[in-house]
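Keep the coordinates open as you read.

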Amino acid sequence: VQLQASGGGLVQTGGSLRLSCAASGRTFGSYAMGWFRQAPGKGREFVAAISWSGDSTYYADSVKGRFTISRDNAKNMVYLQMSSLKPEDTAVYYCAAGRVDIYNTIVVVTTRSYDYWGQGTQVTVSS
């Protein structure tokens with residue numbers, strides 16, 4: 001599976017952005033998908049994940065209620081709708097795919113659980 005993230009940009013505090021992740025490969029629909037982010041000088045942190053079917057989602061506390069992850073298996077796409085953005089959301093955002101048990105709250109937030117990664121897209125929120 002190859003992943004290509006896009007949709008990042010510069011937005012003011014309180015604004016919205018939608019990130020997209022395009023996947024190649026016939027097995028996309030069998031993978032759970034996640035979004036992670038990495039701010040300068042910090043480690044890569046979990047943001048959100050969605051099951052292979054799209055029926056289940058899981059969010060980091062820091063984005064719960066503001067971000068929404070979704071997927072369209074017919075189009076091999078995953079999305080991250082981000083609203084009420086804050087300066088602390090500034091980071092490079094990565095999409096990832098893996099055979100992850102989304103109900104395992106330890107596994108789902110761990111970068112090593114994911115086998116494939118996109119190249120990242122920069123999100124900058126100005127204050």
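Threonine 121 is buried, with a relative accessible area of 10%. The cut-off for buried is under 20%, so threonine 121 falls within that class. The model is a predicted one. Threonine 121 belongs to strand E11, which covers residues 121-126. What does threonine 121 contact, once neighbours within four places in sequence are left aside? The list holds Ala5, Ser6, Gly7, Gly8, Leu19, Ala91, Val92 and Tyr93. Glycine 8 also makes a polar approach: its backbone nitrogen lies 3.0 Å from a polar atom of the threonine 121 side chain.

Next comes the nonpolar core. Nonpolar side chains tend to be buried together in soluble globular proteins. Here the largest nonpolar core has 39 residues. Which of its residues touch the most other members? They are Trp35, Leu80, Met82 and Tyr93. At least two residues each come from strand E1 (2-6), strand E3 (17-24), E4, strand E5 (44-50), strand E7 (67-72), strand E8 (77-82), E9 and E11.

Leucine 80 shows what such a position looks like. Skip residues up to four places away in sequence. Leucine 80 then touches Leu17, Arg18 and Leu19, along with Trp35, Val47 and Ala48. It also touches Phe67, Thr68, Ile69 and Tyr93.

Now turn to the rings. A pair of aromatic rings is described by the distance of the centres and the angle of the planes. The model has six aromatic pairs. In one of them, phenylalanine 36 and tyrosine 114 have ring centres 5.1 Å apart and planes at 80°. Why is this pair edge-to-face? The angle of 80° is over 60 degrees, so the pair is classed as edge-to-face. The pair links distant parts of the chain. Phenylalanine 36 sits in strand E4 (residues 32-38), while tyrosine 114 sits in the loop between strand E9 (91-98) and strand E10 (116-117). The two are 78 residues apart. Both phenylalanine 36 and tyrosine 114 are buried.

One aromatic cluster is formed by Phe36, Phe46, Tyr58, Tyr114 and Trp117. Arginine 99 takes up a position over the face of tyrosine 31, at 4.4 Å from the ring centre.

That leaves the charged pairs. Side chains of opposite charge can pair when their charged atoms come close. There are four salt bridges in the model. Start with arginine 37, which is buried at a relative accessible area of 5%. Glutamate 45 forms a salt bridge with arginine 37, with the closest N and O atoms 2.6 Å apart. Is glutamate 45 buried or partly exposed? Its relative accessibility is 36%, so glutamate 45 counts as partly exposed.

Aspartate 89 also forms a salt bridge with arginine 37, with the closest N and O atoms at 2.9 Å. Aspartate 89 lies in the loop between E8 and E9 and arginine 37 lies in strand E4, so this pair ties together parts 52 residues apart in sequence. Aspartate 89 is buried, as is arginine 37. A network of salt bridges links Arg37, Glu45, Arg66 and Asp89.

Lysine 64 and aspartate 61 form another salt bridge, with the closest N and O atoms 3.1 Å apart. Lysine 64 is partly exposed at 48%. Aspartate 61 is exposed at 68% relative accessibility.

Methods: Residues numbered from 1 in each chain as written. Predicted model: local features only at pLDDT ≥ 70, side-chain atom pairs only at ≥ 80, totals over all residues. Heavy atoms only, no water. Phe/Tyr/Trp six-rings, centres within 6.5 Å; stacked < 30°, edge-to-face > 60°. Helix = DSSP H or I, 4+ residues; strand = E, 2+ residues; numbered from the N terminus. Buried < 20%, exposed > 50% of the residue type's maximum accessible area, 1.4 Å probe, protein only. Lys NZ or Arg CZ within 6 Å of the ring centre and 35° of its normal. Polar contact = N/O pair within 3.5 Å; in protein donor to acceptor, adjacent residues only side chain to side chain. Contact = heavy atoms within 4.5 Å. Core = buried A, V, L, I, M, F, W, Y, C linked by side-chain atoms within 4.5 Å. Salt bridge = Lys/Arg side-chain N within 4 Å of Asp/Glu carboxyl O.
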